[in-house]
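The reader may wish to keep the sequence and the structure in view throughout.

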Amino acid sequence: MILKKMRIQQIIIVLTLSFVFSLEPQRVTAVEVSQPLTNFLKGLKFTLPPKGAPGKRKGGGSRGDYCSAIALVPGTNFGLTTNERPTFWFYVSSSQRRRRQAEFWLRDKEINQVYQETFTLKNTPGIVKITLPETVSPLVFEDLYRWGFSVSCNPTDRLYYDFVSGGVERIYMTSDLEKQLEGKNPRERIAVYAQQGLWFDALTTLAELRLANPEDKSLDEDWMELLHQVGLEEIDSKPLVDCCTAQN
């Protein structure tokens, strides 16, 4: 009788425990989700290289007819790149009342002229780009190149112009950097470029993504974040425009 009673109690305990455990929430296997698009660069700090270059990234504007230029570079007037022929970006605030001319030049460490071209500006105000053509020899590694960009504010008077200048240096693509970039999409590469202090690479990759995906508002947020990190918030909402026609 006693054994039968004990067995009944054991059965009750087992059934009770089974009921209790059945009330526990079910474990859900973690599902890998893609990187959210919004604020991809939020919290990412651009690593500023410990060097700079003579020059100025903001022009002073001109008297009379409003006209000015701003170079999209850090406050040190300097940027690194791994590209043999990098792209340079400038904000031109000239009026749309007339088409203006701009001049860009690049000089090597011996102050020899590497490239010089005059362009006709259109669709400004806006952010314009100038890419070194294939006719220009690849930049020499670890040499400081000087660049300059000027906007003619009055075609009848060459004294009315705005001018910005700075430096660029091409560095080697190290094996460590190659590993960091391996398998990364263009957007993920921006984060790597920023961490490595590669200003021209980060800026151009992001700008080209914006041009290719104009409806992606999160790219606009990334752009604003990057410009804010180098103190260019005054032009963070300015449009990227197709502007420049070479004179030759």
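**A guided reading of the model**

E142 lies in the loop between β6 and β7 (144–152). The model in which this residue is placed is a predicted one. The phi angle of E142 is positive, at about 60 degrees, although the residue is not a glycine. For context, most residues other than glycine have a negative phi. E142 has a relative accessibility of 52% and therefore counts as exposed, the cut-off being over 50%.

I111 is found in the loop between β4 and β5. Its phi is near 65 degrees, again a positive value in a residue other than glycine. With a relative accessible area of 63%, I111 is exposed.

The protein has five helices and nine strands. Read from the N terminus, the elements follow the order α-β-β-β-β-β-β-β-β-α-α-α-α-β. The protein comprises 248 residues, of which 42% count as buried. Among the contacts with a separation of 6 or more, 69% are made by residues 24 or more positions apart.

The sheet containing β3 can be read strand by strand. In general, strands of a sheet pair through backbone hydrogen bonds, either parallel or antiparallel. Here an open sheet of three strands has the order β1-β3-β6, and its pairing is antiparallel. β1 and β6 stand at the edges with a single partner strand each, so one side of each has no neighbour in the sheet. From one strand to the next, the twist averages 30 degrees.

The two pairings of β3 can be followed residue by residue. Strand β1 (residues 69–71) pairs with β3 over three bridges in the antiparallel sense, and A69 has V92 as its bridge partner in β3. On strand β6 (residues 126–131), six bridges join the strand to β3, and the two run antiparallel. V92 stands opposite G126 in β6, while F90 stands opposite V128 in β6.

How many of the residues of strand β3 (residues 87–92) are buried? Six of its six residues are buried, and the strand is mostly covered. In a regular strand, side chains alternate between the two faces of the sheet. In β3, T87, W89 and Y91 point one way, F88, F90 and V92 point the other way, and all are buried.

Two of these residues lead on to the aromatic pairs. Ring pairs link F88 and F90 into a cluster with F104, Y115, W147, F149 and F200.

A pair of aromatic rings is described by the distance of the centres and the angle of the planes. With ring centres required to lie within 6.5 Å, the count comes to ten aromatic pairs. One of these is formed by F46 and W199: the ring centres are 5.3 Å apart and the planes stand at 80 degrees, so the pair is edge-to-face. This pair links distant parts of the chain, with F46 in the loop between α1 (2–22) and β1 and W199 in helix α4 (residues 199–212), 153 residues apart. F46 counts as buried because its relative accessibility is 6%, under the 20% limit. W199 is likewise buried, with a relative accessible area of 1%.

The pair of F104 and Y115 is tilted, with 6.2 Å from centre to centre and 50 degrees between the planes. F104 belongs to strand β4 (residues 101–107) and Y115 to strand β5 (residues 113–120), and eleven residues separate them. Both F104 and Y115 are buried.

R107 lies over the face of W105, at 3.9 Å from the ring centre. R170 lies over the face of F141, and here too the value is 3.9 Å from the ring centre.

Methods. Residues are numbered from 1 along each chain as its sequence is written. This is a predicted model: local features need pLDDT of at least 70, side-chain atom pairs count only at pLDDT 80 or more; totals for chains, interfaces and linings use all residues. Side-chain values use heavy atoms; hydrogens and water are left out. Helices (H or I, at least four residues) and strands (E, at least two) are DSSP runs, numbered from the N terminus. Buried means under 20% relative accessible area, exposed over 50%, partly exposed in between (1.4 Å probe, protein chains only). Contact means heavy atoms within 4.5 Å. Two strands pair if DSSP finds at least two bridges between them. Rings of Phe, Tyr and Trp (its six-membered ring) pair if their centres lie within 6.5 Å; planes under 30 degrees apart count as stacked, over 60 as edge-to-face and the rest as tilted. A charge sits over a ring if NZ of Lys or CZ of Arg is within 6 Å of the ring centre and within 35 degrees of the ring normal. Axes are lines fitted to C-alpha atoms, for helices over the stretch in contact, and angles run from 0 to 180 degrees between N-to-C directions.
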